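Please read them with the coordinates open.

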Amino acid sequence: MKSGWFQKKIEQLSKLKGYQKPDKYSNALKLDSNENYAIDREFSLDLIKQTEENLDVREYPLSDTERLTESLSRYIKLPQEMIGVGNGSDQIIDLILTNFACKDTKILTSEPTFGFFEERCKLYSIPTIKIPFTNNMTLELEKFLSKIKKADILYLDSPNNPTGFQFSKNKLEQLIKEFNGLVIIDEAYVEFADYSIIDMTKKRDNLIVLRTLSKSFGLAGLRVGYLISNKKIASLFTKTIQYPYPLNTVAIETAILALQKSKQIYEICKLIKKERSRIIETLRSMGVFEVFDSKANFVLFNAPGSGLRIYKALIEQGIVVKNLGKMGRHDGCLRVTVGSEEMNSKFLLAIRDLLR
Ligand SMILES: Cc1ncc(COP(=O)(O)O)c(C=O)c1O
């Protein structure tokens, strides 16, 4: 082995900035991370308390992940053998990249796309072909189709983070059908969207759909993600690729209980969608922002020439949104998570005050 390789590798990796976690503000209205504050804190805490009787954390979680995939199977109405779980969908993304991608595989994706995914590609030196969003924050199918022959893997978050854009179902189905390499569709926000394409996993042998309980189910702190694919890929993932104990016992038991409440979660997601419309309409009515349609639990808007000023002024009032800055020709992009009705009203009032 040549000397100095390790130091070189350290230097090369040190140049990467890695995924930028959101700043922590205490007692702030947290509308920067697409979490779900429309769910009462008590609702989630109750679930965790109820798990206590089943818990024996002295033991490794042996067959418990299978009980979780059983619950997920009931929730998504697909066989348990088509599901694999992970420590957040972040971890599943990481495992897919380390096992199926390398310096020689090109990934076709959008610009922007989910930040963690991008950073992981950089970490592993996986080249990407990026299709930029249009000025009105939509994607053009033709641009993707024109590049499919050049790519080995397709990654799309549907809806997209941070724009909230989702292709029409027909278009996404067409793209998936025409792509011969590995297709990864990240449905982290699907419960807030118009449709899912998970049923396509029954027929296709190159499709992995990613899901999470971090958003709709409000369990971001527990780190529970899952994938759906044909049985062969799901079994390979679970038996060979995934760690033996990817989830801790508390997360598994709480997730199983949460999935039993999926009807309540559905109602909360309906409320979030209604609130999303209210935020979009109210911001538009102020006449100074470009506000983009969204199919997720957040809204992207551009404050021309004043994005950073608004971001800072909101922080002074204890409201944190995500500052995205320049995106294409838009110079002051901000992304606000749809929270509880009360949180959203506070955000809208604060914005209105800033415009006075
Ligand atoms: C598109 C997308 N995929 C995946 C994730 C990560 O989800 P998890 O909390 O399950 O790791 C996020 C989180 O923001 C996301 O926006």
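How many nonpolar, polar and charged residues does the shell around the ligand have? The first point below takes this up, after a word on conventions. This is a predicted model, in which local features need pLDDT of at least 70 and side-chain atom pairs count only at pLDDT 80 or more, while totals for chains, interfaces and linings use all residues. Residues are numbered from 1 along each chain as its sequence is written.

1. The shell around the ligand has three nonpolar, seven polar and three charged residues, where Ala, Val, Leu, Ile, Met, Phe, Trp, Tyr, Cys and Pro count as nonpolar, Asp, Glu, Lys and Arg as charged, and the others, Gly among them, as polar. The ligand is surrounded by 13 residues, and the closest are G88, D90, N161, T212 and S214; a residue is near a molecule if its C-beta atom, placed from the backbone, lies within 6 Å of it. The largest share of this shell, three residues, comes from α4, the elements being DSSP runs numbered from the N terminus (helices H or I, at least four residues; strands E, at least two).

2. Helix α4 (residues 88-100) also packs with helix α5 (residues 115-123), their axes coming within 10 Å and crossing at roughly 30°; axes are lines fitted to C-alpha atoms, for helices over the stretch in contact, and angles run from 0 to 180 degrees between N-to-C directions. α4 and α5 are therefore roughly parallel to each other, a label for angles under 35 degrees. Their crossing is right-handed, that is, the near helix is turned clockwise from the far one by less than a right angle. On the α4 side, D90, I93, D94 and L97 meet F116, F117, R120 and C121 of α5, contact requiring C-beta atoms, placed from the backbone, within 7 Å. The residues of this contact divide into five nonpolar, no polar and three charged.

3. A further helix pair is α3 (residues 64-76) and α9 (residues 249-260), whose axes come within 9 Å and cross at roughly 25°. That makes α3 roughly parallel to α9, and the crossing of these helices is left-handed, with the near helix turned anticlockwise from the far one by less than a right angle. The α3 residues D64, T65, R67, L68, S71, L72 and Y75 make the contact with T249, I252, A255, I256 and L259 of α9. By class, the contact of α3 with α9 has seven nonpolar, three polar and two charged residues.

4. The protein is divided into domain 1 (22-40 + 263-355) and domain 2 (55-260), with bounds from an automatic or database domain assignment. Their C-alpha centres lie 25 Å apart, and the contact takes 23 residues from domain 1 and 21 residues from domain 2. On the domain 1 side, α10 (262-285), β10 (298-302) and β11 (319-327) each give two or more residues, and α10 gives the most, with four.

5. Some backbone details deserve a look, since most residues other than glycine have a negative phi, and most peptide bonds are trans. A cis peptide bond joins E111 and P112, with omega about 5°, and P112 sits in the loop between β3 (107-111) and α5. Another cis bond, between N161 and P162, has omega about 20°, and P162 lies in the loop between β5 (153-157) and α7 (169-178). S125, in the loop between α5 and β4 (128-132), has a positive phi near 55°.

Conventions: Angles under 35 degrees count as roughly parallel, over 145 as roughly antiparallel, 65 to 115 as roughly perpendicular and the rest as oblique. Two residues are in contact if their C-beta atoms, placed from the backbone, lie within 7 Å.
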